[in-house]
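Biologist: I have just opened this model and would like to learn how to read it. Could you walk me through it, one feature at a time?

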Amino acid sequence: MFLQNADKIQKMPAIRKPLRDEAIAALVHGTHRDPFAILGPHAVADAMVVRAFQPAARSIELRLMGSDTLVAMEQVDPAGVFQARLET
């Protein structure tokens, strides 16, 4: 019943910068209704973007599964939002 019109749902486009900024602001202020729509891994175009929210962190490194490779995450908001872009 809930998925009755699932065939009409289009794939969501990559978040444009102004929309992303609004979503990050809502996340930081604790008003975002779906924080995991922003946080965690997300496929965008030809890459994978991974975001994390760690307010007390100065830096974050992402460890890639299956290897000892560490990828530095870029701080995209001074409140503690970080992201890393992994090319596929």
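Predicted model: local features only at pLDDT ≥ 70, side-chain atom pairs only at ≥ 80, totals over all residues.

Biologist: Which strand is joined to E4 by 4 bridges, and in which sense do the two run?

Modeller: Here is the general idea first. Strands of a sheet pair through backbone hydrogen bonds, in either a parallel or an antiparallel way. In this case E3 is the strand joined to E4 by 4 bridges, and the two run antiparallel. The hairpin they form has 6 residues between the strands, and Gly66 takes a positive phi near 85° there.

Biologist: How many bridges pair E1 with E2?

Modeller: E1 and strand E2, which covers residues 47-53, pair over 5 bridges in the antiparallel sense. For an example to click on, take His42, whose bridge partner in E2 is Val49. The loop between E1 and E2 holds Ala45. Phi of Ala45 is near 45°, a positive value in a residue other than glycine.

Biologist: Is Ala45 buried or exposed?

Modeller: To answer that, look at the relative accessible area. Ala45 has a value of 83%, so it counts as exposed, the cut-off being over 50%.

Biologist: And over how many bridges do E4 and E5 pair?

Modeller: Those two pair over 3 bridges, again in the antiparallel sense. Asp77 stands opposite Val81 in E5. The hairpin of E4 and E5 has 3 residues between the strands, and in it Gly80 takes a positive phi near 115°.

Biologist: Now for the inside. Which residues make up the largest nonpolar core?

Modeller: A core is read as a set of buried nonpolar residues that touch through their side chains. The largest one here has 9 residues: Val50, Ala52, Ile60, Leu62, Val71, Met73, Phe82, Ala84 and Leu86. Two or more residues each come from E2, E3, strand E4 (70-77) and E5. E5 gives the most, with 3 residues. Apart from this core lies another, of 6 residues, among them Ile24, Leu27, Ile38 and Leu39.

Biologist: Which residues is Val50 in contact with, leaving aside its neighbours within four places in sequence?

Modeller: Val50 is in contact with Gly40, Pro41, Leu62, Met73, Phe82, Gln83, Ala84 and Leu86.

Biologist: Gln83 is on that list. Is Gln83 buried or exposed?

Modeller: Gln83 lies in strand E5, residues 81-87. Its relative accessible area is 14%, so Gln83 is buried, the cut-off being under 20%. The side chains of Gln83 and Arg51 are joined by a polar contact of 3.0 Å.

Biologist: Where is Arg51 found, and is Arg51 buried or exposed?

Modeller: Arg51 is found in strand E2. Arg51 is buried too, with a relative accessible area of 10%. A polar atom of the Arg51 side chain also lies 3.3 Å from the backbone oxygen of Ile38. Leaving aside neighbours within four places in sequence, the contacts of Arg51 include Arg20, His42 and Phe82.

Biologist: What share of the protein chain do buried residues make up?

Modeller: Buried residues make up 27% of the 88 residues. As for the surface, the protein chain exposes about 7000 Å², and carbon and sulfur atoms supply 57% of it.

Biologist: Where does Asp34 lie?

Modeller: Look in the loop between helix H1 (17-28) and E1. At 40% relative accessibility, Asp34 counts as partly exposed. Asp34 and Ala23 are 11 residues apart in sequence, while their C-alpha atoms are 9.5 Å apart in space.

Notes
Residues numbered from 1 in each chain as written. Heavy atoms only, no water. Pairing = 2+ DSSP bridges. Buried < 20%, exposed > 50% of the residue type's maximum accessible area, 1.4 Å probe, protein only. Polar contact = N/O pair within 3.5 Å; in protein donor to acceptor, adjacent residues only side chain to side chain. Core = buried A, V, L, I, M, F, W, Y, C linked by side-chain atoms within 4.5 Å. Contact = heavy atoms within 4.5 Å. Areas by Shrake-Rupley, 256 points an atom, 1.4 Å probe, with all protein chains shown as cover.
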